[in-house]
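Trainee: I am new to this structure and would be grateful for a close look at a single part, the place where the two chains meet. Please describe it step by step, and then set it in its surroundings.

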Amino acid sequence: MLGLFFLGVSLALREGRISPTELCKKCLNRIKKTQHLNAYITVTEESALKQAQQSEVRLLKGVPKGPLDGIPFAVKDNFCTKNIKTTCASKMLKDYTPPYNATVVQKLLDQGAVLMGKANLDEFAMGAGCTDGAFGPVKNPWSYAAPYREQTGAMLESDWAITGGSSGGSAAAVASLTSYLALGSDTGGSTRNPGALCGVVALKPTYGLLSRHGLIPLVNSMDVPGIMARSVNDAAIVLGILQGLDVRDSTTVPAPSPLTELPQDFDVKNICVGIPKEYHAPGLSEETLAQWSRVADLFERAGAQVKQVSLPHTQYSIVCYHVLCHAEVASNMARFDGLEYGHRSQIDSSTEVMYASTRHEGFNDVVRGRILSGNYFLLKQNYQHYFVKAQKVRRLIADDFRNVFGSGVDVLLTPTTLSDAACYQDFTQEDNRTRSAQEDVFTQPANMAGLPAVSVPTALSRRGLPIGLQLIGPALHDKKLLSVAQWIEQRVGFPSISDWDYSRESRNDTAVTKREQTSAV
Amino acid sequence: MTEDITWLFLDPSLKISFQGLTTSGVVSPDLHFIHTPQQLVGVVGLEIHAQINSSTKLFSGSSVRFSAPPNSLVSFFDASLPGTLPVLNRRCVEAAVMTGLALNCNINRKSLFDRKHYFYADLPAGYQITQQRQPVAVDGTLTYSLLEGKKRSQVIRKNVHIKQIQLEQDSGKSLHDDVHSQTLIDLNRAGVGLMELVMEPDMSCGEEAAAAVRELQLILQALGTCQGNMSEGQLRVDANVSVHRPGEPLGVRTEVKNINSVRYLARAIDYEIQRQIGILQRGGTVQNETRAYDSKSGLLIKHSLPISLTSAASFFRFMPEPNLPPLIVYEDNASLPAGIDACQAVVVQKIKEGLPELPSIKRDRLVQTYGILPEHSFTLVNEDGLVEYFEAVLMATKKEPRKVIGWVTNELLGHLKQQDLSVSQSPISPPALAELLELQETGHISSSVAKQVFQKMWRSPGKTAAQITQEHDLGLVSDTAQLHSICQKVVDSHPDEVHAIRNGNKKVLNKLMGLVQKETKGRADPVLVRKILQEKTS
């Protein structure tokens with residue numbers, strides 16, 4: 001049951017084969033069993049059961065609110081949830097409870113979906129590994145499943161792989177089958193990157209198509225709520241619900257069309273798939289490259305036109321992304337001064353001293369580093385040289401995409417990440433900045449240009465970890481993009497994690513099992 | 001990076017004449033100055049923050065009200081809760097466009113919002129949303145007038161160039177409790193819409209600045225875009241003051257802040273000009289600094305404000321506001337793109353059509369229509385509701401406007417000022433005053449009696465002029481026999497005066513007339529009395 005897609009579980013709910021409460025309890029149980037993954041910062045057990053019960057009443061009466069009624073979901077902990085702690089995985093907001101729901105959260109609740117909890121992330125979404133949050137790193141569910149354990153010979157507790165980030169908790173929640181869908185946020189790849197590394201579908205919609213109201217910002221001009229799901233069709237259903245104008249977010253645009261379900265027999269014969277040559281980047285793993293070629297071949301064999309294209313400014317994208325990101329971070333983080341909400345330092349000999357100590361205690365090194373460099377970029381004497389220049393290059397990057405799409409290309413096919421998920425111990429050999437620059441290399445250009453992009457899992461690597469490929473489409477062509485993604489999904493045969501038992505009980509680690517059983521009552 | 005404020009103390013009794021160099025406290029000029037033909041003169045530019053008169057804030061739906069309980073008008077956005085976003089209030093944009101049109105500005109079809117960063121307790125987001133790069137209106141002119149001459153009857157028109165009008169958020173208020181060394185924050189004002197008007201340094205003294213601000217105040221009030229009450233902080237004026245010799249580059253300027261009345265503005269500026277002249281004459285140099293005048297406490301409180309733009313543009317780390325798309329205003333309905341509702345858009349043409357009569361136009365009209373003196377038109381327009389009062393009186397009387405104006409600007413306004421009342425609070429309504437003037441015009445009462453009746457009407461509201469005249473028997477005595485007998489009595493008892501008149505000193509007749517009026521309590525018909533007395537003394 002937990003491994004199903006929406007349509008299956010929704011049908012099961014309506015036919016009474018399972019009740020929303022039973023489904024909710026199953027998910028809660030699984031959350032407890034997979035606690036070691038650290039996917040959730042807050043599990044909203046009580047309110048989830050209450051919501052499930054209300055859903056049950058509706059389903060019994062035969063008046064469900066929609067296809068998501070009774071379906072469990074998780075939300076990245078940088079979306080505001082009314083009366084539920086929203087921490088951004090930061091000491092700064094460790095005890096912060098917002099008085100309102102983010103628009104996208106509210107829309108899911110209005111559909112009767114059941115909120116299971118708040119998913120872990122890198123502090124304020126700054127990271128590409130989900131290793132830099134105040135509540136500890138998130139572990140990749142696939143690194144506890146048989147293929148990885150068998151093929152790498154991993155025996156030790158410390159041999160786990162990262163989820164990617166920053167929406168690693170959301171990816172792990174969907175991948176470990178504790179939620180059917182999850183909201184992530186995507187600024188430079190934060191939804192697609194963990195989506196690829198955890199083997200789930202991860203959609204970054206067109207900028208402005210989904211409301212950012214209630215999403216605690218990283219980079220306002222690039223942030224987009226991301227959708228993580230088990231299947232492309234599930235993601236499409238959620239997109240249909242979440243998209244559209246929001247009066248509370250002036251940067252939203254009307255949805256081009258109400259998104260109904262995707263066509264099951266999409267024909268790729270008439271589409272043109274672009275392969276950007278600049279994405280053959282240094283560090284691209286052999287296996288990921290092989291997957292890229294494999295899917296390109298699939299298209300070609302199906303009659304699609306596959307051609308190499310050029311996005312000449314790609315190489316400048318990541319450095320400009322960082323300048324713009326850090327500048328907006330410096331600005332957005334200014335509000336965390338300990339006065340109105342959040343952490344306030346005990347050291348308060350003067351207002352200035354209190355600000356300084358509050359921000360020093362509240363933010364980790366990554367956040368503080370970005371604030372410092374961002375403020376440097378915004379200094380009057382540096383503004384033209386860094387910020388304005390980066391914005392100009394951003395325009396060139398957007399133009400690159402426009403030119404390619406203007407030349408008849410429908411979608412671009414690229415890798416999502418350089419390789420499969422790194423082992424935590426390997427990943428943390430490098431600092432956050434270096435990792436972010438490496439990991440976001442294929443994903444952040446779409447954010448710079450505001451384009452829709454989706455990562456689709458295609459295969460397991462030799463290490464038994466997922467590999468994903470990315471499709472990028474023209475602005476507001478999200479539906480077509482998903483149709484192509486589904487076409488890939490139907491052909492690559494990516495395995496379900498439920499084919500293996502990946503919880504820790506499967507391993508002969510009795511001590512851990514016992515502890516978890518006691519806490520899992 | 002903060003800068004201390006030198007608090008400027010003003011002695012209200014200190015009279016400053018800015019043209020002369022030898023005011024008290026200023027040492028005599030050195031040789032250099034004696035040989036320099038041109039004197040140092042003041043140069044004044046203004047930065048004015050006008051609170052937009054709107055029911056809700058610039059970027060949130062919370063109400064705008066003065067003196068509401070602390071923190072009772074604060075939305076999630078105003079408190080800068082994470083995840084909240086600004087949503088622009090159309091009314092505020094329309095107010096800024098209307099103000100721009102009234103000040104002959106170019107309205108930018110596209111303007112942009114920026115973030116201006118600084119840490120301050122009453123700025124919860126850590127930045128203010130303003131319009132640094134491309135403001136909504138630019139390049140306008142404010143025409144104001146100075147009344148000069150002994151009777152202030154000479155009207156001098158002057159222009160000041162308006163550099164720009166930008167939309168921005170107001171901050172909250174900090175209350176410093178020094179006893180418990182804590183700061184209390186009230187966010188009711190945080191996020192209220194402001195128009196910042198930047199006036200170029202085209203003024204030369206406090207009086208000019210004050211006249212310009214007063215004219216702006218009248219314009220804003222006529223437009224309804226700002227209530228303009230300086231003491232409630234709806235209009236806040238910062239002055240940039242420097243001195244130089246005409247033709248030479250401008251001197252180092254200081255910024256004078258915290259001025260809450262037009263009167264203090266003039267004083268503070270003139271004081272500052274004198275201070276700078278004094279420094280230069282002593283051979284010193286003027287420091288670029290901010291000087292704040294605190295009329296409320298009158299105390300020295302050391303406190304740091306976000307420093308002035310000039311000294312720290314870098315400090316503010318300006319950045320485009322990424323949550324607001326460019327603000328587009330449309331020329332007319334025809335230029336609206338398809339799919340945009342005219343009711344949702346800001347259309348310049350529509351706002352232009354809705355512009356009310358501006359004060360300068362109103363004054364010209366009053367002078368032309370009613371033949372009153374220009375200085376009277378200033379008095380009328382300066383007082384809220386006085387023009388309407390004046391015109392209402394004229395509607396109800398045949399008396400000439402030029403004869404009515406004195407009643408309105410002297411009797412009525414004098415009484416109102418004495419009791420600190422507004423025109424709308426006047427106990428004498430326009431029709432009541434008109435009735436009184438009619439009694440005088442038709443010869444029922446004399447002009448001196450009319451003034452008595454006016455005072456009685458003021459004290460007993462509701463009673464008509466006719467009632468009071470009757471009750472107090474103040475009607476004009478025009479019974480010839482009765483007047484003859486009174487005049488005879490006066491003539492008989494003043495033989496010396498009669499003698500003087502007969503010897504050709506006709507002026508003495510007035511003294512006899514006064515005695516007759518005294519006898520009749522001013523009720524005698526003066527024309528008749530003069531005629532009778534002339535007969536009796538010839």
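Mentor: Across the interface of chain B and chain A in this predicted model, 16 residue pairs are in polar contact, both partners having pLDDT 80 or more. The number of salt bridges between chain B and chain A, by contrast, is zero. On the side of chain B that touches chain A, the elements giving two or more residues are β5 (114-117) and β15 (319-320) of chain B. That side of chain B consists of 21 nonpolar, seven polar and two charged residues.

The extent of the interface may be stated in two ways. As a count of residues, 30 of chain B are in contact with 39 of chain A. As an area, about 2800 Å² is buried between chain B and chain A, and carbon and sulfur atoms give 58% of it. Three residues, P82(B), F119(B) and R317(B), supply 22% of the area that chain B buries against chain A, more than any other three residues.

One residue that touches both chains is S80(B), which has R335(A) and Y341(A) as well as P124(B) and A125(B) among its contacts, residues up to four places away in sequence being left aside. S80(B) lies in the loop between β2 (41-51) and α2 (90-102) of chain B. The side chain of S80(B) comes to 3.2 Å from the backbone oxygen of P124(B). Is S80(B) buried or exposed? The relative accessible area of S80(B) is 3%, so this residue is buried, the cut-off being under 20%.

Let us turn to the partner chain. Chain A contains 18 helices and 11 strands, and its C-alpha trace spans about 70 × 65 × 50 Å along the principal axes. A compact globule of 521 residues would have a radius of gyration near 24 Å, and the 22 Å of chain A agrees with this. Of the 521 residues in chain A, 63% are buried. Among the contacts in chain A with a separation of 6 or more, 78% join residues 24 or more positions apart.

A single helix of chain A shows such burial in detail. In α4 (residues 103-110) of chain A, the buried residues are T103(A), V104(A), V105(A) and L108(A). Just after α4(A) comes G112(A), with a positive phi of about 90°.

Key. Residues are numbered from 1 along each chain as its sequence is written. Chains are lettered from A and ligands numbered from 1 in the order in which they are written. Side-chain values use heavy atoms; hydrogens and water are left out. Buried means under 20% relative accessible area, exposed over 50%, partly exposed in between (1.4 Å probe, protein chains only). Helices (H or I, at least four residues) and strands (E, at least two) are DSSP runs, numbered from the N terminus. A polar contact is a pair of N or O atoms within 3.5 Å; within protein, one must be able to donate a hydrogen and the other to accept it, and residues adjacent in sequence count only if both atoms are side-chain atoms. Contact means heavy atoms within 4.5 Å. Buried area is the accessible area (1.4 Å probe) that two parts lose on being put together, summed over both. A salt bridge is a side-chain nitrogen of Lys or Arg within 4 Å of a carboxyl oxygen of Asp or Glu. Ala, Val, Leu, Ile, Met, Phe, Trp, Tyr, Cys and Pro count as nonpolar, Asp, Glu, Lys and Arg as charged, and the others, Gly among them, as polar. The radius of gyration is taken over C-alpha atoms; the globule rule is 2.2 Å times the number of residues to the power 0.38.
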